[in-house]
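Welcome! Have the sequence and the 3D view ready as you read.

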Amino acid sequence: MSTAFTLQAATPDTLADIHALHPDPAEAARRLSVTQERVRAGQLDPARFLLLRTDGAVLGVCFVGPNARVPLFPTCCADTPADALTAFLRELRRRVSDTPDRQLLLDDTLVTPRPAEAVQAGWVPDSQQVLYRTDLRGRPHAPDPDVTAASPDDPGIPEALRELGRPDWEAAEGWTLHALRREGHTDSVCFADNPGQHRVASSTSGTRFSPNRIRSD
């Protein structure tokens with residue numbers, strides 16, 4: 001069963017369609033504003049955007065830039081009919097026919113990868129890459145209840161400082177010495193934090209917890 005669809009280049013009057021598939025309406029509106037400003041300034045040709053439509057709805061968008069070394073990154077709805085998607089990808093291939101080494105990247109954050117339609121449209125499979133995202137945001141941890149502020153003269157602290165090779169350690173202004181105590185005795189570990197949040201951690205061989213357990217910032 002064939003699907004009625006159209007392939008059209010964007011125009012100054014259809015700039016909103018370029019960002020119609022963005023999942024965040026607020027971000028789509030922001031990007032549309034930037035696109036409109038660039039078009040008015042003559043910095044962007046809207047005809048470089050290919051639009052796939054059916055029944056008035058946008059199913060696919062792709063920017064075909066002039067730089068042959070920049071891959072094409074199409075954005076398509078997951079339920080785009082096979083014949084419409086194939087025609088869309090075929091038209092993209094035709095538009096870059098003068099640069100046969102141009103790459104088409106099916107990014108699964110933009111389109112559900114369907115290589116069969118891409119092959120049918122004339123693209124040659126190359127490789128599949130997997131990207132892993134690492135969340136590097138800092139997270140607070142509850143402080144260890146057995147870690148308390150201490151004085152260099154407190155019971156057990158001089159011994160711990162000697163084991164650390166700092167028998168004469170003195171706290172500068174704003175620094176705090178921390179000790180881990182278990183069952184009434186010092187568990188051979190000492191920490192010092194300076195006021196600039198640059199933690200200096202020193203521990204003896206008896207340490208049984210991570211320095212990030214000292215406190216929650």
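Which residues line the second largest cavity? They are P74, C76, L85, L89, L106, V111, T112 and R114. Please keep in mind as you explore that this is a predicted model.

Rolling a probe the size of a water molecule over the atoms shows where empty space is left. When the whole structure is searched, two cavities of 30 Å³ or more turn up.

Now turn to the largest nonpolar core, which has 18 residues. Within this core, L72, F88, L89, L92, L104 and W123 touch the most other members. Elements β2, β3 and α3 (82-95) each give two or more residues to the core, and α3 gives the most, with five residues.

Leaving aside residues up to four places away in sequence, L104 touches L72, P74, L89, L92, A118 and W123. There is also a second, separate core of ten residues, and I18, L44, F49 and V61 are among them.

## Rings and a charge

A pair of aromatic rings is described by the distance of the centres and the angle of the planes. How many aromatic pairs does the structure hold? There is one aromatic pair. The ring centres of F49 and F63 lie 4.9 Å apart with their planes at 50°, so the pair is tilted. This pair links distant parts of the chain: F49 belongs to strand β2 (residues 49-54) and F63 to strand β3 (residues 57-63), with the two 14 residues apart.

Are the two partners buried or exposed? F49 counts as buried, at 11% relative accessibility, whereas F63 is partly exposed, with a relative accessible area of 33%.

W123, already met in the largest core, takes part in another arrangement. The charged end of R93 sits over the ring of W123, at 4.8 Å from the ring's centre.

R48 can be found in the loop between α2 (25-40) and β2. With a relative accessible area of 31%, R48 is partly exposed. Not counting residues up to four places away in sequence, R48 touches C62, F63, V64, G65, P66 and R95. One of these, P66, is 18 residues from R48 in sequence, and the C-alpha atoms of R48 and P66 are 8.7 Å apart in space.

Finally, take a look at T86. Where does T86 lie? T86 lies in helix α3. Its relative accessibility is 5%, so T86 counts as buried, the cut-off being under 20%. Once residues up to four places away in sequence are set aside, T86 touches E117, Q120 and A121.

Notes:
Residues are numbered from 1 along each chain as its sequence is written. This is a predicted model: local features need pLDDT of at least 70, side-chain atom pairs count only at pLDDT 80 or more; totals for chains, interfaces and linings use all residues. Side-chain values use heavy atoms; hydrogens and water are left out. Rings of Phe, Tyr and Trp (its six-membered ring) pair if their centres lie within 6.5 Å; planes under 30 degrees apart count as stacked, over 60 as edge-to-face and the rest as tilted. Helices (H or I, at least four residues) and strands (E, at least two) are DSSP runs, numbered from the N terminus. Buried means under 20% relative accessible area, exposed over 50%, partly exposed in between (1.4 Å probe, protein chains only). A charge sits over a ring if NZ of Lys or CZ of Arg is within 6 Å of the ring centre and within 35 degrees of the ring normal. A nonpolar core is a set of buried Ala, Val, Leu, Ile, Met, Phe, Trp, Tyr and Cys residues joined through side-chain atoms within 4.5 Å. Contact means heavy atoms within 4.5 Å. On a 1 Å grid over the protein atoms alone, a cavity is a set of points where a 1.4 Å probe fits but cannot get out, and a pocket is an open set with protein on both sides within 12 Å along at least five of seven lines; lining residues have an atom within 4 Å of a point. Grid points are joined across faces, edges and corners, and a volume is the space filled by probe spheres set on the points.
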